[in-house]
Amino acid sequence: MIRIRPQISRNNRQPNTGSAPGVGRYIATNAPQEPGGDPISTLNALEQWRVQDETHQQQSVSWPLEKFPLKVAIEPHPDGDSSGITSKGIFAVLRQWEAAYPGVIRFQLADTPAQCKSADILIRWSRQTTLGRDYEVGHTNRAVRGKRITGAEITLIVSPVIDRHIGPAQQQQRLFATILHEMGHALGLEHSESREDVMYYRGWQRGYLSNGDIQRMKTLYSTGQCFNG
Ligand SMILES: [Zn+2]
């Protein structure tokens, strides 16, 4: 099949649509920029991938503590039951972040239409990757006001390219890692330099949080607060 290589996007930031200063949207994309071609170069591309435009995005943003528990709406998988992926299954993976900082990081699964409408975090599916990032597994779009996150939308890619090169067990681990990684972004974490971490910039491999991930989340949500974490 002939595939036209799309233009590589160097900057994923969306146009600033808000009128007030400090209001904007920012996408953290979990994908390599350089496409491979065969399985080996695909894996190499994933290994070498790095989101350049995130390195200067280290200003820490976080949800106000009073917003917890955050309401999470999860769109049903487009392939339905045959996918074997349920909203409850995804929510169960997210609970790792709750366990990372008990009593502070809390989620509530939005399961009525009214709750979904007012959800803080939406997890949705797409068959389409971000332009120029053929190997994307997911991305997160945060809405921020100043240093506060006001909403987040996580997009998970249905059957990303990497899944063609790994077995079913690895595919599930890859999905869990993607969910954890993107939720880390939705909560305000940026990429880590340590390969042990779910928030490592090639964060599609680990299906469970490292001590580093946990510590960084605790630091993010204890800074400037009236208690010690
Ligand atoms: Zn990422």
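Visitor: Which elements do the buried residues of α2 pack against?
Guide: In this predicted model, the buried residues of α2 pack against β2, β3 (107-109), β4, α4 and α5. The buried residues in α2 are Ile90, Leu94, Trp97 and Ala100, a word that calls for 20 or more other C-beta atoms within 10 Å.

Visitor: How do you know that the span of α2 is close to the expected one?
Guide: The helix α2 has 14 residues and reaches 21 Å from its first C-alpha to its last, and at 1.5 Å a residue the expected value is 20 Å, so the span is close to it.

Visitor: What makes Leu187 stand out in the largest nonpolar core?
Guide: This core has 42 residues, and Leu187 is, with Val72, Met183 and Met217, among those that touch the most other members. Of the elements that each supply at least two residues, among them β2 (70-74), α2 (87-100) and α4 (168-187), α4 gives the most, with eight residues. Leaving aside neighbours within four places in sequence, Leu187 is in contact with Trp63, Trp97, Ile105 and Met217.

Visitor: Why is Ser159 called exposed?
Guide: Ser159 has 12 C-beta neighbours inside 10 Å, and a residue counts as exposed at 12 or fewer, so Ser159 is exposed. Ser159 lies in the loop between β6 and α4, and its phi is near 45 degrees, a positive value in a residue other than glycine.

Visitor: What makes the peptide bond from Phe68 to Pro69 cis?
Guide: The omega of this bond is near 0 degrees, and Pro69 is placed in the loop between α1 (39-48) and β2.

Key:
Residues numbered from 1 in each chain as written. Predicted model: local features only at pLDDT ≥ 70, side-chain atom pairs only at ≥ 80, totals over all residues. Core = buried A, V, L, I, M, F, W, Y, C linked by C-beta atoms within 7 Å. Helix = DSSP H or I, 4+ residues; strand = E, 2+ residues; numbered from the N terminus. Contact = placed C-beta atoms within 7 Å.
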